[in-house]
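Work through the exercises below with the sequence and the 3D view open side by side. Each task sentence is followed by a solution that goes step by step.

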Amino acid sequence: MNTTILDKINNEQLKEKVPVFNVGDTVKIHVKIREGEKERIQIFNGIVMARSGHGSRESFTVRRISYGEGVERVFPLHSPNIVKVEVERRGHARRAKLYYLRGRSGKTAKVKEKRI
């Protein structure tokens, strides 16, 4: 009985239109930022390093290099603060988690582009 109630609550939290992207793709995430009374949209773009979880708890990790320093952010996929996710480039990854990118910089930190 409890599982059906939990499932019902989780299903209400899910977004209807979830973009299709995988690990290795370069994405642009439009995030709602609240500063006091005001709201604005900030864009965070980078390579998807990992996806984890399922259902309303699914999240993904995005990494980019900002001013020579690596920055990683974890975004909940079904968060109301994520306005839009755009896929800029499809990447070809041969593993589920790209944590090896943390130790690399420059050209070696790139992921091969997916052939169609």
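**Exercise 1. Find the residues that gather in a patch of positive charge on the surface, and place Arg115 in the chain.**

Step 1. The patch of positive charge on the surface is formed by Arg94, Arg95, Arg104, Lys112 and Arg115; a patch of this kind takes in residues with over 30% relative accessible area and no salt bridge, with like charges joined within 9 Å. A salt bridge is a side-chain nitrogen of Lys or Arg within 4 Å of a carboxyl oxygen of Asp or Glu, and the place of a charge is taken as NZ of Lys, CZ of Arg, CG of Asp or CD of Glu.

Step 2. Arg115 lies in the segment after strand S5, which covers 82–89, and Arg115 counts as exposed because its relative accessibility is 80%. The classes used here are buried for under 20% relative accessible area, exposed for over 50% and partly exposed in between, with a 1.4 Å probe and protein chains only.

Step 3. Before going further, note that this is a predicted model, in which local features need pLDDT of at least 70 and side-chain atom pairs count only at pLDDT 80 or more, while totals for chains, interfaces and linings use all residues. Residues are numbered from 1 along each chain as its sequence is written, and side-chain values use heavy atoms, with hydrogens and water left out.

**Exercise 2. Describe the protein as a whole, from its secondary structure to its charges.**

Step 1. Helices (H or I, at least four residues) and strands (E, at least two) are DSSP runs, numbered from the N terminus.

Step 2. Taken along the principal axes, the box filled by the C-alpha atoms is roughly 50 × 40 × 25 Å. Of the 116 residues in the protein, 28% are buried, and the accessible surface comes to about 8,600 Å², with 49% belonging to carbon and sulfur atoms; these areas come from the Shrake-Rupley method with a 1.4 Å probe, and for residues only the protein chains shown count as cover.

Step 3. Of the contacts between residues at least 6 apart in sequence, 51% join residues at least 24 apart, where contact means heavy atoms within 4.5 Å.

Step 4. There are 26 positive and 13 negative side chains, and the centres of the two sets lie 8 Å apart; Lys and Arg count as positive and Asp and Glu as negative, while His and the chain ends are not counted.

**Exercise 3. Work out which parts of the chain are linked by the salt bridge between Arg90 and Asp25, then examine other pairs.**

Step 1. Side chains of opposite charge can pair when their charged atoms come close. The structure holds nine salt bridges, and one of them joins Arg90 and Asp25 at 3.2 Å, N to O. This pair links distant parts of the chain, with Arg90 in the segment after S5 and Asp25 in the loop between H1 and S1, 65 residues apart.

Step 2. Arg90 is partly exposed because its relative accessibility is 36%, whereas Asp25 is buried, with a relative accessible area of 2%.

Step 3. Arg40 and Glu35 meet in a salt bridge at 3.1 Å, N to O; Arg40 is partly exposed at 35%, and Glu35 is also partly exposed, at 44%.

Step 4. Glu72 and Arg63 form a salt bridge at 3.0 Å, N to O, in which Glu72 is partly exposed at 29% and Arg63 is buried at 15%. Arg63, Glu72 and Arg102 are linked in a network of salt bridges.

How values were computed: Patch = residues over 30% accessible without salt bridge, like charges linked within 9 Å, V, L, I, M, F, W, Y side chains within 5 Å.
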